[in-house]
Each structure stands twice: as C-alpha cells, then as structure tokens.
Amino acid sequence: MGRIFTLIVILTLALSTTAAAEAPLQEWRHIDVTAKAVAASAICGFDIFRHFEGDSHFIVSYDNDGAIVREVDTFPGLTITLYAPSTGQSYTSSVPAVLHTYYTNGAAIGSEATASLTGLAEKFGSADLDSGRLVFRAIVVGYDAAGVPNIRFVEEISSVGPNVDVSVQQSRCDGVRSQ
C-alpha cells in the first residue's frame with residue numbers, strides 16, 4: 001500500500017509541474033496619445049489629429065513552453081477625439097472595444113498574428129457608426145517595457161457589422177469640416 005501511495009504522490013507532482021503554464025502577464029495602462037490622421041488629412045487637404053484617452057487592460061497568455069500564444073486587450077472607457085485646428089471643429093466618440101490577438105512563433109518580432117477587434121470603433125460626428133467585428137492580419141513589431149507585444153495591422157481579413165457609407169478617412173474629414 002505504501003508503494004502505491006508513493007507512486008501516486010510522485011505522479012501527481014510530476015504531472016502538476018509539467019502541465020503548469022506560465023501565469024498570464026497583466027498590464028493596466030492609461031492611454032493619452034495624439035497623432036496626425038495622415039490618410040484623412042491627405043483626403044481633406046488640411047491637418048486632422050486623433051487624440052486617444054482612457055484606460056486599457058492587457059492580458060498576455062503563454063503555452064507550456066513559455067511562448068506567447070494569445071493576448072486579450074480591453075478598452076472599456078477609451079475615447080477618440082478628432083479635431084482640425086484650421087477649422088476649429090472636433091468630435092469625440094467612445095470606443096469601447098476588445099482586441100483578441102493570436103500569435104505565431106511565440107510572438108517573435110516579424111512573426112504574424114491574427115487580431116480581432118470587437119466593439120465600437122468610432123462614431124463619426126453626427127454621421128456613420130463604425131462597429132462590429134474586424135479581423136486583421138498583423139505583424140509583431142516590438143514589445144513594450146512590460147513585455148506586451150506591439151503589432152502593426154497589415155491587412156483587413158474580414159468585417160462584420162454596419163458599414164460606413166464612405167471611407168473612414170472621408171467620414172473623419174466630413175466630421176471636422178467647417179460648417
């Protein structure tokens with residue numbers, strides 16, 4: 001009986017240590033970033049800027065070998081403000097969303113990822129609403145200080161939800177054009 005008990009204890013310890021994946025990395029971050037909306041500015045013929053502000057939560061998951069396999073990012077209170085200094089016009093939209101990213105090659109720099117954005121992408125002034133589920137092919141371009149991968153969207157794979165009547169860039173332009 002003692003040998004069976006010892007065997008059970010050894011097997012339990014061996015299985016629990018080999019099957020345990022690394023605990024997920026979690027990062028909370030406040031976003032407060034302004035950048036030029038390059039494509040919309042080109043279409044409009046005047047400068048348009050995007051200001052993102054709000055809190056975010058990133059959860060990075062690993063496989064049993066410690067390689068990054070998945071990430072879930074939530075942006076519950078994020079807003080985007082589009083403004084054009086030359087017209088004095090602006091609009092602000094809530095953009096609550098969730099981004100699920102699945103990585104290849106442990107999220108090595110240059111490797112591919114698939115990213116699915118679900119939620120409200122942007123409400124363009126009094127015009128269209130861009131929401132639903134967007135799936136993108138992406139590339140890992142680096143990591144932040146905590147080790148969360150940074151990705152760049154390469155191409156849109158699919159889109160489900162309301163479609164805007166004109167391009168996103170034109171909608172942004174129309175939203176900040178002088179009245």
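## Salt bridges around Arg137

Arg137 forms a salt bridge with Glu112, with 3.2 Å between the closest N and O atoms. A salt bridge here is a side-chain nitrogen of Lys or Arg within 4 Å of a carboxyl oxygen of Asp or Glu. Arg137 lies in strand β8 (residues 129–143) and Glu112 in strand β7 (residues 112–123), so the pair ties together parts that are 25 residues apart in sequence. Strands (E, at least two residues) and helices (H or I, at least four) are DSSP runs, numbered from the N terminus. Arg137 also forms a salt bridge with Glu155, where the closest N and O atoms are 3.0 Å apart. This pair links distant parts of the chain, with Arg137 in strand β8 and Glu155 in strand β9 (residues 149–160), 18 residues apart.

Arg137 is partly exposed, at a relative accessible area of 25%. Glu112 is partly exposed at 37%, and Glu155 is partly exposed at 41%. In these terms, buried means under 20% relative accessible area, exposed means over 50%, and partly exposed is in between (1.4 Å probe, protein chains only).

## Model and confidence

This is a predicted model, in which local features need pLDDT of at least 70 and side-chain atom pairs count only at pLDDT 80 or more, while totals for chains, interfaces and linings use all residues. Residues are numbered from 1 along each chain as its sequence is written, and side-chain values use heavy atoms, with hydrogens and water left out.

pLDDT is the predictor's confidence in each residue, from 0 to 100. The protein chain has a mean pLDDT of 82, and 78% of its residues reach 70 or more. Confidence is lowest in helix α1 (residues 2–18), at a mean of 47, and highest in strand β3 (residues 68–75), at 95. Over residues 5–19 pLDDT stays under 50, and for this stretch the model has two contacts beyond four places in sequence. Contact means heavy atoms within 4.5 Å. Where pLDDT is low, the predicted coordinates should not be read in detail.

## Overall fold

The protein chain has three helices and nine strands. Along the sequence they follow the pattern α-β-α-β-β-β-β-β-β-β-β-α. Among contacts between residues at least 6 apart in sequence, 54% join residues at least 24 apart.

Of the 179 residues of the protein chain, 34% count as buried. The accessible surface comes to about 10100 Å², of which 58% belongs to carbon and sulfur atoms. Accessible areas come from the Shrake-Rupley method with a 1.4 Å probe; for residues, only the protein chains shown count as cover.

## A second salt-bridge group

The count of salt bridges comes to five. One of them joins Glu27 and Arg29, with the closest N and O atoms 3.0 Å apart. Glu27 is buried, with a relative accessible area of 16%, whereas Arg29 is partly exposed at 29%. Salt bridges that share partners join Glu27, Arg29 and Asp144 into one network.

## Aromatic pairs

There are three aromatic pairs. Rings of Phe, Tyr and Trp (its six-membered ring) pair if their centres lie within 6.5 Å; planes under 30 degrees apart count as stacked, over 60 as edge-to-face and the rest as tilted. Phe49 and Tyr83 form a stacked pair, 5.6 Å centre to centre with 25° between the planes. This pair links distant parts of the chain: Phe49 is in strand β2 (residues 49–62) and Tyr83 in strand β4 (residues 79–84), 34 residues apart. Phe49 is partly exposed at 22% relative accessibility, and Tyr83 is partly exposed at 28%.

Phe58 and Phe75 form an edge-to-face pair, 6.1 Å centre to centre with 85° between the planes. Phe58 lies in strand β2 and Phe75 in strand β3, so the pair ties together parts that are 17 residues apart in sequence. Both Phe58 and Phe75 are buried.

## Nonpolar core

A nonpolar core is a set of buried Ala, Val, Leu, Ile, Met, Phe, Trp, Tyr and Cys residues joined through side-chain atoms within 4.5 Å. The largest such core has 27 residues, and those with the most contacts inside it are Phe46, Ile48, Ile68, Phe75, Leu82, Tyr103 and Val176. At least two residues of this core come from each of α2 (38–44), β2, β3, β4, β6 (97–103), β7, β8 and α3 (168–176).

Leaving aside its neighbours within four places in sequence, Phe46 is in contact with Ser41, Ala84, Ser86, Thr87, Cys173, Val176 and Arg177.
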